[in-house]
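Welcome, and please take a moment to look over the molecule shown here. The report that follows walks through it in short steps.

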Amino acid sequence: MKIKLSYLYIALILFTLVSCAKEEITTTAIDLRENVIGQYNFNIKTYIIDIENKLNLSDSSISELKLNKAGALNEINFNDITGKLFVKGSNFSEITTATKGYKFDILNQEVDGVSYKGYNYFTVDGKGYHGNYNTATKKVSFAFTFKSNDIDFVLTAEGTKK
């Protein structure tokens, strides 16, 4: 009888261990960029940075840019209407505070022999970012610096989705 009872306990323990095995949890990465890709009409302004580090407007234009997904889940490309790369954004992520939308930075990059570096254009929780997308207004904005003929410039772009 004791042997049968021992076998029953062993079977019960084995059953408990097998049934309590850890389930494998799989998650699918959500691509936040789906909400922002598309064509935008942009108001682009270029400023000269003077000796006192002030911005002086030097040019303003209207342009059409298309936001596309780049290689990694946190990267976006801003292309002109012919598909040529205008600038690349990185660290694309959701804003979790009251201002709903997405934030991103402009990668340090070189396009057509010109070096671009992100410029802090807006702030969330005391930290500066180079760009953002406002979910409510469907507007995207970003800024970067570049140098041409030994003059430092800041380019700002604010676009509305078509």
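## A lysine to start from

Let us begin with one side chain: K69 is partly exposed, at 34% relative accessible area. On this scale, buried means under 20% relative accessible area, exposed means over 50%, and partly exposed lies in between (1.4 Å probe, protein chains only). K69 forms a salt bridge with D31, and their closest N and O atoms are 3.4 Å apart. The term salt bridge stands for a side-chain nitrogen of Lys or Arg within 4 Å of a carboxyl oxygen of Asp or Glu. D31 sits in the loop between α1 and β1 while K69 belongs to strand β2, so this pair ties together parts that are 38 residues apart in sequence. D31 itself is buried, with a relative accessible area of 18%.

A word on the background: this is a predicted model, in which local features need pLDDT of at least 70 and side-chain atom pairs count only at pLDDT 80 or more, whereas totals for chains, interfaces and linings use all residues. Residues are numbered from 1 along each chain as its sequence is written, and side-chain values use heavy atoms, with hydrogens and water left out.

## The chain as a whole

The chain holds one helix and twelve strands. Both kinds of element are DSSP runs numbered from the N terminus: helices are H or I runs of at least four residues, and strands are E runs of at least two. Read from the N terminus, the order is α-β-β-β-β-β-β-β-β-β-β-β-β.

Of the 162 residues in the chain, 32% are buried. The accessible surface comes to about 10,800 Å², and 54% of this belongs to carbon and sulfur atoms; such areas come from the Shrake-Rupley method with a 1.4 Å probe, and for residues only the protein chains shown count as cover. Among contacts between residues at least 6 apart in sequence, 50% join residues at least 24 apart, where contact means heavy atoms within 4.5 Å.

## Charged partners

How many salt bridges does a search of the whole structure find? The search finds eight. Side chains of opposite charge can pair when their charged atoms come close. D31 and K69 also belong to a network of salt bridges that includes R33 and E34.

R33 lies in the loop between α1 (2-19) and β1, and with 4% relative accessibility R33 counts as buried. Leaving aside residues up to four places away in sequence, R33 touches K69, A70, A72, L73, E75, I76 and F92.

K84 forms a salt bridge with D112, with the closest N and O atoms 2.5 Å apart. This pair links distant parts of the chain, 28 residues apart: K84 is in the loop between β3 and β4, and D112 is in the loop between β6 (109-111) and β7 (114-118). K84 is partly exposed at 42%, whereas D112 is exposed at 59%. E52 and K54 form the other pair, their closest N and O atoms being 3.3 Å apart. Here E52 is exposed at 57%, and K54 is partly exposed at 48%.

In soluble globular proteins, nonpolar side chains tend to be buried together. The largest nonpolar core in this model has 23 residues, and those with the most contacts inside it are F42, L67, F78, F104, V140, F142 and F144. At least two core residues come from each of β1 (38-49), β2 (55-69), β3 (76-80), β4 (85-95), β5 (101-106), β11 (139-148) and β12 (151-161). β11 gives the most, with four residues. A nonpolar core is defined as a set of buried Ala, Val, Leu, Ile, Met, Phe, Trp, Tyr and Cys residues joined through side-chain atoms within 4.5 Å.

Is β11 enclosed or open? Seven of its ten residues are buried, so β11 is largely enclosed by the rest of the structure.

T145 of β11 is the bridge partner of K117 and stands opposite V154 in β12. S141 of β11 is the bridge partner of N132.

Notes
Pairing = 2+ DSSP bridges.
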